[in-house]
Amino acid sequence: MKKNEPNWLVVLRTVMPLGLSYIPIGLACGVLLHAAGFNHLLTALISVLVFSGGAQFLIASMLTINAPMTTIILMMFFLELRYALLGSSLSRYLKGQPLPFIFAFAFSMNDENYAVNYLKFATDKHWKPTQALLVEHYSLLFWTVSNIIGSLIGSALTINLSVVDFALTALFIYMAVMQTKSRLTILVCALSGVLTIFFLVLMKSTLGLVVATLIASLTGYFIERHLLAHKPESHLLYKVHDPTSQTAMEESDK
Amino acid sequence: MQSVSSMTSMDHFWLIIFCAIVAFLPRFLPLLFFTKRQIPEWFNEWMRFVPVSLFTALVVKSVFVDSKYNIMTSGNLGLIISAILVGFVAYRTRSMTLSVVIGLGAVMIFVLVLHI
């Protein structure tokens, strides 16, 4: 990093890989939201207010199957609950910040800019909370503009939606893989998959997803607690190999 | 999937507001709380399994369950192969963009060209 580079450029350089990767996903999301009946203004609004790829894709696909509003909001709650974890893990770097700052920071935090900021805070001791907030705002800008352009494309062209919809599936597969840290997680995934099919077919409602998630995650939690207490050398607790070893630092940090 | 929605733009507006609230609280409250005190251990440990369970559930739903909540027994081979491919790409590259772009490419080939 050059010494006399202005702050906005330093931060933009940090956020650039993330910003570029938002473009194809944001475009796909805009196309889907348009197909779900959102106008361009609403697409812009949701991109700013909800600012979460997974959540926006989910809203779009649930609207197209005419899911009731309460179900969508409940699903949203469980989907967004994971941010509790992200927030709590960043909190130690934001100690002593005033309430308006915490408010603004929480408002625009999502999976991806969290990852960028966590890495910066962990590796660069000069990284400041205000710079972290700027990272969030840059990524918000990339995301919102891509969504609006996607919405405009969606209104101009006819696009096969079942293909674009797979962008959501791919995004969730990616996030699941990134979160798989131990062999036990793979077991929890398998359990969650079986339970999902069972409860969806049984309940004929997306609530089946919520039930499957709760049972699978609690089972994982109790198995881990039991193993740590009684069989700490169990194979299930082995770490999953990371071919790029990018997350190695994050691990040792726990 | 076609665009049939019975909701008006006003409904959509309120949906966005509620979703924004539901999205904001889990980001804000823990951050507010834990900049002042310690995170309870059990919560942290349980939360480690919530996202991964939910993501798997959503993937399994879109690949194996149709919109009438029946198990898909045919016509989803292309989706299954694409999903496995995406998992492999995500594992090897850890790149969100590559995972999504290769996934979309695979689905286009399998579903639109090969019709499996």
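Chain A contains 12 helices and 0 strands, where helices (H or I, at least four residues) and strands (E, at least two) are DSSP runs numbered from the N terminus. Read from the N terminus, its elements run α-α-α-α-α-α-α-α-α-α-α-α. The radius of gyration of chain A, 20 Å, is close to the 18 Å that the globule rule gives for 254 residues, so chain A is as compact as a globular protein of that length. That radius is taken over C-alpha atoms, and the globule rule is 2.2 Å times the number of residues to the power 0.38.

This is a predicted model, in which local features need pLDDT of at least 70, side-chain atom pairs count only at pLDDT 80 or more, and totals for chains, interfaces and linings use all residues. Residues are numbered from 1 along each chain as its sequence is written, while chains are lettered from A and ligands numbered from 1 in the order in which they are written.

Confidence is given as pLDDT, the predictor's value for each residue, from 0 to 100. Chain A averages 84, and 94% of its residues score at least 70. Over residues 247-254 of chain A the pLDDT stays under 50, and the model has 4 contacts beyond four places in sequence for them. Where pLDDT is low, the predicted coordinates should not be read in detail.

The C-alpha trace of chain A spans about 55 × 50 × 35 Å along its principal axes. Of its 254 residues, 44% are buried; a residue is buried if 20 or more other C-beta atoms lie within 10 Å of its own, exposed if 12 or fewer, and partly exposed in between, with C-beta atoms placed from the backbone. D111(A), in helix 7 (residues 111-123) of chain A, has 18 other C-beta atoms within 10 Å and is partly exposed.

Two residues are in contact if their C-beta atoms, placed from the backbone, lie within 7 Å. Among contacts in chain A between residues at least 6 apart in sequence, 77% join residues at least 24 apart.

Chain A is divided into domain 1 (1-179) and domain 2 (181-254), with bounds that come from an automatic or database domain assignment. The C-alpha centres of these two domains of chain A lie 25 Å apart. Where they meet, 8 residues of domain 1 of chain A are in contact with 10 residues of domain 2 of chain A. On the domain 1 side, helix 4 (69-80) of chain A gives the most, with 4 residues. By class, that side has 6 nonpolar, 2 polar and no charged residues. Here Ala, Val, Leu, Ile, Met, Phe, Trp, Tyr, Cys and Pro count as nonpolar, Asp, Glu, Lys and Arg as charged, and the others, Gly among them, as polar.

Chain A also touches chain B, in a contact that takes 87 residues from chain A and 69 residues from chain B. Helix 9 (residues 161-179) of chain A supplies the largest share of the chain A side, 17 residues. That side has 57 nonpolar, 24 polar and 6 charged residues.

In chain B, the assignment gives domain 1 (1-48) and domain 2 (58-116). An unreviewed UniProt entry lists residues 12-34, 71-91 and 98-115 of chain B as "transmembrane region"; positions follow the numbering used here, feature names are shortened, and annotations may be inferred rather than shown by experiment. Residues 12-34 of chain B are 100% helix, with end C-alpha atoms 34 Å apart.
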